[in-house]
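The following exercises concern a single protein chain. Please study the sequence and the structure before reading each solution.

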Amino acid sequence: MRHGARTTAFLAAYTATRTVATALRRRPPGGPERWQRTNYAGRVVDLCAGPAATLGAAAGALPAGPRGVATLAVLVAGACGGYDDIVGADDPRRGFRAHLSALRQGEVTSGAVKLFGIGAAGLAIGAVLKERPVDRLLAGIVVAGSAHLVNLLDVRPGRATIAVLGLAGPGLLRRAPGGAAAAAPMGAAAAVVIDDLGEQTMLGDTGAHALGAALGVAIVTGNGRAGLAAHAAALVTAAAYGDKVSRAAAS
């Protein structure tokens with residue numbers, strides 16, 4: 001039964017991601033130019049993987065997440081990332097500190113929207129899955145921190161998708177619903193990793209945050225307080241040293 005839930009979640013995520021990516025490439029809304037970006041090497045790639053992975057991970061989370069809250073968290077994270085892809089494309093500020101500093105000065109940046117939007121989604125996950133306030137808070141940190149971490153790693157082709165596959169893999173060994181929750185981001189990442197490595201597409205903030213949030217949902221689903229605290233501490237540390245994490249991923 002446990003294997004069936006994992007397989008269902010993986011296949012749902014993989015199939016939905018491939019289907020959406022193919023449809024977007026065939027008929028990109030607004031024309032192909034709107035979906036094109038220049039990557040670090042100067043090559044033109046499309047952003048189709050972002051919304052495709054978002055919808056795929058959300059589809060995979062449906063059989064894995066209680067009451068649809070996991071799917072909602074993934075969609076919110078993807079939407080916040082998409083907002084940053086559009087509104088914050090030319091904003092050179094990066095990292096929590098820069099965006100919180102701008103917020104203190106009265107400016108609501110796209111990064112601040114991501115921070116609070118994805119944080120709220122994480123707290124919603126915690127409110128459903130956890131009973132105590134401290135566990136709900138840790139859940140919010142884990143979901144938001146995981147989304148931020150995957151985005152930090154999305155600096156070279158395939159780095160973020162491979163990281164999601166590697167980080168979610170051990171979660172498959174957990175009992176349901178943790179194993180099924182881990183299968184959702186794995187299925188979505190597996191569907192785009194070859195195109196990502198081949199520099200045909202990129203996740204952008206949309207896909208990176210959605211896959212990261214789905215990974216965070218799996219962590220929250222499969223861990224108690226001690227595990228949540230350990231993951232939260234690691235993710236906060238990664239966020240504090242975000243520039244170093246990104247540089248390491250780019251090397």
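**Exercise 1.** Determine which residues Val220 is in contact with, leaving aside its neighbours within four places in sequence.

*Solution.* Contact means heavy atoms within 4.5 Å. By this criterion, Val220 is in contact with Ile125, Leu129, Lys130, Ala139, Val142, Val143 and Leu228.

The model is a predicted one, in which local features need pLDDT of at least 70 and side-chain atom pairs count only at pLDDT 80 or more, whereas totals for chains, interfaces and linings use all residues. Residues are numbered from 1 along each chain as its sequence is written, and side-chain values use heavy atoms, with hydrogens and water left out.

**Exercise 2.** State which residues of the largest nonpolar core touch the most other members.

*Solution.* A nonpolar core is a set of buried Ala, Val, Leu, Ile, Met, Phe, Trp, Tyr and Cys residues joined through side-chain atoms within 4.5 Å. Buried means under 20% relative accessible area, with a 1.4 Å probe and protein chains only. The largest core has 49 residues, and those touching the most other members are Ile118, Ile125, Val142, Leu203, Leu211 and Val220. Helix 6 supplies the largest share of this core, ten residues; helices are DSSP runs (H or I, at least four residues) numbered from the N terminus. Another core, of seven residues, lies apart and includes Val20 and Leu24.

**Exercise 3.** Decide whether Ala208 is buried or exposed.

*Solution.* First, locate Ala208 in helix 9 (residues 204-222). Next, note its relative accessible area of 0%; Ala208 is therefore buried. Finally, beyond four places in sequence, Ala208 touches Ala147, Val150, Asn151, Asp154 and Leu203.

Definitions and conventions: Helices (H or I, at least four residues) and strands (E, at least two) are DSSP runs, numbered from the N terminus. Buried means under 20% relative accessible area, exposed over 50%, partly exposed in between (1.4 Å probe, protein chains only).
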